[in-house]
Amino acid sequence: MQTSWAWADAALRRMGQLCCLVCAGQAAAGQFTPPQGCTLTMTVQQRSCTVAQHYTCAADAPGDQWVAYFTPQGLVHLARIDAETRWMESTDVVAGITDRLEPQARDHASLRTLLAAGRDDFDFWTISDDGERLNHVGRDELTGTAVIDGMTLDTTRFGLMTYAENGTLLIARSGSQYVSRETGRFYGGVETATDWQGETETTDDTPVRFIRPGQPGFASTVPDYGCNAQMVGDPSGGRA
């Protein structure tokens with residue numbers, strides 16, 4: 001499943017240089033420029049008043065992919081996945097928070113397993129720069145197919161529990177997402193998240209447009225969809 005940038009909560013330190021490069025690139029006329037040595041491959045406009053910039057970097061392992069999320073306030077999140085869509089690192093830029101995948105896991109997430117078997121269970125840990133460890137347990141299941149903006153996607157259903165190191169349940173998430181066999185990654189959908197205090201939030205990160213190089217809107221950091229609804233409540237969409 002894709003990383004949700006709403007849950008990240010560990011301190012940002014080593015991402016400073018990359019963040020500066022990305023921030024500098026998006027400053028000019030609302031256009032995103034990836035860091036040096038990286039190539040922007042797709043811009044995805046989402047229903048949640050967010051726009052995602054997907055890029056790859058020559059120095060990374062084969063199959064690794066980055067995504068930078070923007071709201072009307074600017075860059076809010078950076079994340080890197082590997083070829084199996086494992087959460088290698090996830091950074092809340094606004095809060096200054098990064099989590100990274102621990103190498104050892106009871107059951108790492110696997111895109112290949114999901115596409116071959118129709119279901120993938122996972123049980124892995126992430127660790128923050130300040131040493132906080134989180135345990136993520138859940139599953140993804142294929143449910144059908146859909147076509148969005150000309151791209152054929154597999155639809156999925158997921159459930160995810162995130163626990164503190166002492167076993168306390170911090171957040172429970174469930175909902176639907178999309179996965180592309182072409183790009184080898186997940187895209188958001190409708191999900192409900194309930195935290196340890198019982199507060200519940202439903203979000204819709206469904207993609208609306210997949211914009212490729214040379215097409216209008218490619219590299220734009222200005223969200224196009226859902227912003228009026230977002231601005232009625234919290235201008236940050238509840239994610240700042």
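Visitor: At what relative accessibility does Asp204 count as partly exposed?
Guide: Asp204 has 25% relative accessibility, so Asp204 counts as partly exposed. A word on the source: this is a predicted model, where local features need pLDDT of at least 70, side-chain atom pairs count only at pLDDT 80 or more, and totals for chains, interfaces and linings use all residues. Residues are numbered from 1 along each chain as its sequence is written, and side-chain values use heavy atoms, leaving out hydrogens and water.

Visitor: Which side chain does Asp204 meet in a salt bridge?
Guide: Side chains of opposite charge can pair when their charged atoms come close. The term salt bridge asks for a side-chain nitrogen of Lys or Arg within 4 Å of a carboxyl oxygen of Asp or Glu. Here the partner of Asp204 is Arg47, at 3.3 Å from N to O. This pair links distant parts of the chain, 157 residues apart: Arg47 lies in the loop between β1 (38-46) and β2 (50-57), and Asp204 in strand β13 (residues 200-204). Strands here are DSSP runs of E with at least two residues, and helices are runs of H or I with at least four, numbered from the N terminus. Arg47 is partly exposed because its relative accessibility is 45%.

Visitor: Are Glu89 and Arg80 buried or exposed?
Guide: Both are buried, and their side chains form a salt bridge with an N to O distance of 2.8 Å.

Visitor: Which residues are linked in a network of salt bridges?
Guide: The network joins Arg119, Asp121, Arg139, Glu141 and Arg157. Within it, Arg119 and Asp121 meet at 2.9 Å, N to O. Arg119 is partly exposed at 38%, and Asp121 is partly exposed at 33%.

Visitor: How many salt bridges does a search of the whole structure find?
Guide: The search finds 17.

Visitor: Where is Asp82, and what does its side chain reach?
Guide: Asp82 sits in the loop between β4 (74-81) and β5 (87-92). Its side chain reaches the backbone nitrogen of Glu84 at 3.0 Å. With a relative accessible area of 10%, Asp82 is buried.

Visitor: How much of the chain do buried residues make up?
Guide: They make up 52% of its 240 residues, in a chain with three helices and 14 strands.

Terms used: Buried < 20%, exposed > 50% of the residue type's maximum accessible area, 1.4 Å probe, protein only. Polar contact = N/O pair within 3.5 Å; in protein donor to acceptor, adjacent residues only side chain to side chain.
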